[in-house]
Every structure is written in structure tokens, then in C-alpha cells.
Amino acid sequence: MATTNLPQAAGIIGAAVPRIDGPLKTTGTARYSTDRHFPGLAHAVLVQSTIGKGRIRSLDTSAAEKMPGVVLVLRHGNLQNVFRTIPREQDGSMAEQRPPFDDDRIYYWGQYIAAVVAETLEQANAAADAIKVEYEAEAPDVRPDLSEGFTGTPVPSWKRGDPDQALSTAPVTVDETYVTPVETHNPMEMHSTVAVWDGDSVTIYDGTQGVVGHRTVMSEVLGVPRENVRTISRFIGSGFGGKLSPWPQATIAAAAARQLNRPVKISVDRRMMFSNVGHRPRTQQRIRLGATQDGKLTAIRHDFFTETSLLDDFVERCGEQTPFLYSCPNLIVTTSMARRGVGTPAPMRGPGAVPGLFALESAIDELAIKLKMDPVELRIKNDAERDESTNKPFSSRHLKECYTTGAEKIGWKNRTPGVGSMRRNGKVIGWGVAGASWGAARIPCSASVELCPNGRVCVRCATQDIGTGTYTLFAQIAHAKTGVPLDRIDVFLGDTNLPDGPTSGGSMVTSAILPATTSAMDQAVTRLLHIAALTPGSPFHGAQPDTLTIAEGRVVSKQGQPQVVGAAFSSSSSSAANGLPFEEVLLLANLGSVTGAGKTFPSFEDPKVREYSLHSFGAHFAEVEWEPDIAHIRVSRIFSIFDCGRIINAKAGANQILGAAVMGVSMSLFEETLHDHRTGQPINGNFADYLVATCADCPDLDVTFLDYPDLVVNEYGARGIGEIGMAGVAPAITSAVYHATGIRVRQLPVRIEDLLQSKILEA
Ligand code: MOS
């Protein structure tokens, strides 16, 4: 275990700090990519295939091209200088590898077959409607049963012991299959791109979760040097993983802008969100568990199918948490990729873990029922002391305490296990529990800071804020290191002209930015103190720099240092303070600024970190209310207890778990993208028919962080919290549904048709 001391004087670290970008967003002044306007900007509208498989026999654009305002119609054959990208890791390649309009084949319903560029959006829309297409249509394969037509070989991983032998001799077994449907990312802000060329250089405004990766990919796609591409993503109306990599509309916008030599804007509409820019793929997971009569796991077999497209090899890694969540000597995970005629999937909040733990944690609940054992007790009994898949110790794991704390909060000791045995206010109550985990790492990051003579501190990094509070975290660090109030700290993110920073993905930004920003601040402050000591006329002239420090934004000697402002983060007069405001030190020295730069050393290159298994953990305790007379189920309460290392911003951190729990309710009860088997069209691809949880569906939510610093990850001890909160919600809810109704739902979402089978007919 690393032994770094926690940072000193950092009252703001861990505090509930409101987002510094909140006012910009709530007043409508934050500019998202589609808010960008330029002189001469043309609007592009995408035309989608209305068949799910086949080929385009003819595409007649002649009428469209003659319509008012139309400047270009792009289609197969006239998109110039667009290239395939080098296949790499997910966030470093095009989400859909095939370049747009690459051939005359149709691989999925809604595929872009043309783009109309016109002076106005209305003109482009009208012309897009005038394009005439004839197809040779075939029936697409969108069969929901992913085992149908599978001819490949399941790919094994994480095998230990002899799981089949152990299953055949286990006194108690569970063998069930769990299905999660296609879910569609529905961030408020849809995908959009504005491309502006200046000679052979292009600036691309795209609501991406990763500007640095976006620039690399777009330089390959457009065949121009990386230095000639600048990607900007200042604000994102969230993405949930759907915006990790660029999608074809970015290629089309940039190529059209180059061909026309004028700025071009494209927006993906809500209907296209359901077919063209990723989804969480359908999964079908068979879980087999073996256990002794007293509830010790002896075998786990997790065999799953994950749907992908005809064009790309996306895998939903459902088995990622299975090898280390429980102690179990015999285990195997196998992965089978099932191709379907749908758009390419994408990571969605907690990819792998969320569907994977729905299956595993549901099966654990079913095992507890077979064993007549309490599901909390069963989990604690089988908790893993070390990561048995890698034989490494966990850097920090407090999952048992998540269970005991949650049990305490909901009053678990009063739970009676019988189906339909609990009542409150004329309703049947069900309680369920499930665990969660998500990996942690420290990924590379650079940051720079600047202390300016106008009294402001600037922090710069080419990561971006997907909406989670990343802007605010940078400002918190700058405040913690200088005492300068938040309203005098400027944070610049989301632009490849800034020092390279990480993609907002995998819940890894916070742990990545902390070391880089901390060392950048330390370097700037150290330089400032030296300047204070070296500058004639400075009250500290001639002092040893190490006798000086900075507090409340002022250089002071370490004796007689004023109190650091703890909870007040606004500008406050530093009344009694001696010393000199840092900006006056700069003015005395006639310096334009003092800068600092820092880098985060990635954990995968750090031999000390590689000795450990790094994960966050958590547990959800869910309560449902069942009204048998009207077959109505409602999630009424969720207690979420999480072990995510040290929390840097209590408000933004809790917001992540709250939002994820709501998404988990949505997944459990509502969300499912359905494809028409004749055409492959998402038949509920709009907000009227695709249901998501609304305010009225939200239970009372209660979030607790255990807040144990994980000092293996970084000096602050912070791991990530974006994804993990969604893991474990669905199995906690379906276990609660079983407890209330006696109906075990193994295929999400829970449907009224399932619940009508309940034998609990009275409350
Ligand atoms: Mo997260 S699914 O890596 O945005």
C-alpha cells in the first residue's frame, strides 16, 4: 500500500461543491457543438435507409439537387478523400468502421445513404425528402434469441479449477438464463458536428466524450496530419458512453465542409439516435452456480451471447466482474458474439458490468432462496479476500461493509423472507439486494496551470466534462493548492489545443486528472514563492523560499500564516491577512504569469500499482411496492452504499450514484428498443414509445459513500464513480419484485404480463 500523506489544508476536497459551470448551463449560455454558428455555414441533413438489409438499386437525387438552396448531395461515389481508420481500442477508432456511403449495401435499418447540404436547414430537409430510392430488399436478421444461427465457438476466459466437474457434484445448483434487451442511449443532447476548414486545417465541434481520440481518428479519416485537426467539445449534454468515439455524421460534416469550402453543421435527430449512434446490445447469459448446503460457492459458469452488428466486432463484456466478485475455486466465463442486422453497439454506462451483474446477482439471489439463506449473509460468506482471478490483493475493498451498512439503513433484520410476507399501507412490500463493482485505473493525463497578474488562476486540460462535474474538480484542486476563491479560477477543457487529457470514459477521469493537476499547481506555486523571494521590493525579498507558502491566494511566511478558508469558497476579503496577494508578486516582478505543468503516470506502467487488483464496489438495497388489485409495481426506495475510494466532491459524487440508480430503475421497468422483424426498424425509436423513468417513477434515493481513500490509485485516494452506480440496481429490483410477487423476472424489463401471473392477490 502506498503511504503518501493526504493533501493538507484541503477543506474543499471532499466538500459538496456546486458545479462551477452550473450557471452557464441553467442560463443557456453554455455553447454546445450545435450552438456554433459561422458566416456561410451550410446545413446538412442525413437520409436514412428504409430497409434493413439488401442493396440500393437506384438513388435518384436529380430533383433534390435542383431544389432551392441545395449546394451538395453526398452519396455512394462522391464522398472525396475519406479513409478507413486503423482499428484500435474502442475510444481510439471510429465507432462504425465502415466509411459512410462506402458501398451500395444496406447493413441495418436507418443506415445513412445520402446527405443533403443546403443554405438552410428547411431547404436541406425538403430536398432530403425529394430523394428517390429503390432497393433490392432482403429480410434482416434481428432475431431476439441470440443463440439462433450461432455457428461460432464460445471464447473462454478466466478459467480456474474444473467448473464442470464441480457443477456436476455440487449439492445445490442454479442454472438459469438471463436476458437484457437493446437499450438506447438517450442523452438530452443528441450527436452533432460542425466542421470549419481553414485551408488544409479543420476545426471540428462535436459533442464528443474524448476530444484527443476524436482528433486522432478524424485525422486518419480525413487523410490530414493530426496537427491539422482541432476538436472542440466544451460542453456535453451527456453521452453515457454513446459519444466515446466519433460516429459517421462527423465524417460526413467534415468531408462536406472540405468539398464545399464552407462550414457545415449536421445534427442527428432523436429517431436516428435509435439506429445510427450505438446502443447497449442485447445479451443472453446462462449462469450456473454450484454450492454446498451451507452456502459456500463451489462453481461459477457464466456463458453469454452479446449482440453485435454486421460491420463491427463490439463485445459487451458481461463476464468482467464475475471472476473476482466472489471467492470460488472453479470458474469459467465464455463469450459468444451474435451478429444481427442492427447498427453497431457502443459502451453504455457500466458496459459489461451492468448486464453481467444483472445475471450473476440474480442467480445469487436464486441460490439464496434455494439454500433458504439470507442473500446478504450468502454474499458476505462468499466475499473474496483477494482477487482470485489474478491472485493479487485488492488495493482497497470494503464490499462487506457496503452490505452491512445497507442492511442497517433499510432495517434488513426485520425482513421476512416469505414471498408476499411484508405489508405497509395497504401494499405488499418486497426487498432485494445486489452488489456492484467497476474497475479502476490511473490513465495518462497532462495539465497546465497559470497564475495571472489579474488575480485569476487558469487550469487547462484537453479532457472534457461530460456533465459529471469535471470542471469543478479542477477548480477544487486549484483552490485547495492556493486558497484562491472559485470565482477567480478559470478552467479550460474540451479542446485539443490544450494539454492532452483522457477520454471521459470508464469512470477514470477523476483519478487521472488529480496527479497531473496537483503537480502542475505545486510547480506553479513553488515558482511563485521563489519569485517572491528573489524580487526586489517584495516584502519577502531575500527570504528562503521554503519559509514561504500560499494561503487565501496570498504569499505569506509560514509563521503568521492566516487561517485557510475552509467552507467559504466565494471571494472573501482576506482581512487580517499579512503577506501579499500573488498577483501583486507578479506585478512587482513584471511577470505576465507563472505557469506549472504536470503529468499523471499511468497505473499500467507503474509496477507498484500492478501488484494490486483495482476496483470500486457497492451495494444497492431496493424496495418495491406491489398493489395486486391493479397489478402495479413501483420502486419506492433504494439505498446505495458505495466504496469508490475517497470522494472529491460529495455533491457531484452523490449525483452520479443518484442518476445511475434512476437509470437502473429505467432499465428494470421500462427500457427496451424493439426491432421490427420484417424491416429491422426500431419500432419504438422515439420518446413517445421508448419509455424512460420520469420523476414520478423515481424512488426515494439514499446514497452513502464509505469514503476509504485508495492510496494505490493516487495521492487523494479517489477512484471513479460514473458507471458503477448503475450496476446492481436491476437485480436488486427484480429480487425485490420476486420477494413481493413471487415472480422471478429473468428477462428485462419487468412487464405487467409477468406480474399478472403473481399469486399474491391481496395486500
Ligand atoms: Mo462510459 S460507458 O465509458 O461513457
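**View 1. Pro 749 is placed in the loop between α16 and α17 (752-755).** The model shown here and in the other views is predicted. The peptide bond that leads from Leu 748 into Pro 749 is cis. Its omega is near -5°.

**View 2. Helix α9 (residues 353-371) packs with helix α16 (residues 729-741).** The angle between the two helices is about 35°, and their axes are 8 Å apart. The crossing of α9 and α16 is right-handed. On the α9 side, the residues in contact are Leu 357, Phe 358, Glu 361, Ser 362, Asp 365 and Ile 369. On the α16 side, they are Ala 730, Pro 731, Thr 734, Ser 735 and Tyr 738. Sorted by type, the residues of this contact comprise six nonpolar, three polar and two charged.

**View 3. Lys 372 is found in the loop between α9 and α10 (375-381).** Lys 372 is not a glycine, yet its phi is positive, near 55°. Lys 372 has a relative accessibility of 78% and therefore counts as exposed, the cut-off being over 50%.

**View 4. Four strands form an open sheet in the order β20-β19-β18-β24.** The pairing in this sheet is mixed. The edges are taken by β20 (489-492) and β24 (594-600). Each of these two has a single partner strand, so one side of each has no neighbour in the sheet. On average, and with direction ignored, neighbouring strands of this sheet are turned by 15° against each other.

**View 5. Strand β18 (residues 445-451) and β24 run antiparallel.** Seven bridges join β18 to β24. Ser 448 has Ala 597 in β24 as its bridge partner.

**View 6. Helix α12 (residues 470-482) packs on the sheet.** Helix α12 touches β19 (457-460) and β20. The direction of α12 makes about 135° with that of β20. A further helix, α13 (residues 509-534), lies across β18, β19 and β24. Helix α13 runs at about 150° to β24.

**View 7. Asn 425 has its place in the loop between β16 (422-424) and β17 (427-439).** Although Asn 425 is not a glycine, its phi is positive, at about 50°. Because its relative accessibility is 73%, Asn 425 counts as exposed.

Note on methods
Residues are numbered from 1 along each chain as its sequence is written. This is a predicted model: local features need pLDDT of at least 70, side-chain atom pairs count only at pLDDT 80 or more; totals for chains, interfaces and linings use all residues. Side-chain values use heavy atoms; hydrogens and water are left out. Axes are lines fitted to C-alpha atoms, for helices over the stretch in contact, and angles run from 0 to 180 degrees between N-to-C directions. A crossing is left-handed if the near helix is turned anticlockwise from the far one by less than a right angle, and right-handed if clockwise. Contact means heavy atoms within 4.5 Å. Ala, Val, Leu, Ile, Met, Phe, Trp, Tyr, Cys and Pro count as nonpolar, Asp, Glu, Lys and Arg as charged, and the others, Gly among them, as polar. Two strands pair if DSSP finds at least two bridges between them. Buried means under 20% relative accessible area, exposed over 50%, partly exposed in between (1.4 Å probe, protein chains only).
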